[in-house]
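Student: I am new to this structure and would like a close look at one part of it. Could you take me there step by step, with the overall layout before the details?

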Amino acid sequence: MGLEQDLRRIAEAAARHAGEGEDVAGIVPAEPAGGLRLYVCAYGSEDATSWLVLDATGVPVSDRALVRDAVSIAALCELAEEAAGVEPDSARVASPALLDELGAGAGTDVADAIKGGATTVEELVRDVERGYKQPLS
């Protein structure tokens, strides 16, 4: 199954977890560790943003460390893409390999962006934890 099909399947699973007045605002596939695919799902409503990380089968992840790892790699890849001037033309998986690829192509710009963005990434992780749709262990 290709990434586009995976994203459609996960979008359906994510929609089942949307609360009243919420929509799935975005999904970022992430592989924080080799072979472990997770999906960072953002939900939007008039009042707030909430979050949920789903595993490859569409089941919510409750392990705080996995959630932190998935959100962190997704955010770092976003920073690296911006620094490298890359606008993905199709879905991609946020991963350490993608960071390496972006760094190899853009040199120190990516490394500087990642160093400078550490605080931003940590703030996003805290926002996700605060707005997580279920208890984290």
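Tutor: Read along the sequence, the chain runs α-β-β-β-α-α-α-α, that is, five helices and three strands. Helices here are DSSP runs of H or I with at least four residues, strands are runs of E with at least two, and both are numbered from the N terminus. The model is predicted, so local features need pLDDT of at least 70 and side-chain atom pairs count only at pLDDT 80 or more, while totals for chains, interfaces and linings use all residues. Residues are numbered from 1 along each chain as its sequence is written, and side-chain values use heavy atoms, leaving out hydrogens and water.

Now the overall form. The C-alpha atoms fill a box of roughly 45 × 35 × 30 Å along the principal axes. The radius of gyration, taken over C-alpha atoms, is compared with a globule rule of 2.2 Å times the number of residues to the power 0.38. For 137 residues a compact globule would come near 14 Å, and the chain's 15 Å agrees with that. Buried residues, meaning those under 20% relative accessible area with a 1.4 Å probe and protein chains only, make up 35% of the 137 residues. A contact means heavy atoms within 4.5 Å; of the contacts with a separation of 6 or more, 54% join residues 24 or more positions apart.

Here is the part for a close look: the pair E22 and S50. E22 sits in the loop between α1 (3–15) and β1 (23–33), whereas S50 lies in strand β3 (residues 49–55). Their side chains make a polar contact at 2.5 Å. A polar contact is a pair of N or O atoms within 3.5 Å; within protein, one must be able to donate a hydrogen and the other to accept it, and residues adjacent in sequence count only if both atoms are side-chain atoms. The side chain of E22 also reaches the backbone nitrogen of G19, at 2.6 Å.

Are these two residues buried or exposed? S50 has 10% relative accessibility, so it counts as buried. E22 is buried too, because its relative accessible area is 16%.

Look next at what surrounds the pair, leaving aside residues up to four places away in sequence. E22 touches H17, Y43, G44, S45, S50 and K133. S50 is in contact with E22, C41, A42, Y43, G131 and K133.

For comparison, turn to helix α2 (residues 64–84), where L79 is placed. V71 is found in helix α2 as well, and V71 is buried, with a relative accessible area of 2%. Beyond its neighbours within four places, V71 touches V40, L124, V125 and V128. Computed from C-alpha to C-alpha in the model's coordinates, V71 and E122 are 9.4 Å apart in space and 51 residues apart in sequence.

Terms used:
Buried < 20%, exposed > 50% of the residue type's maximum accessible area, 1.4 Å probe, protein only.
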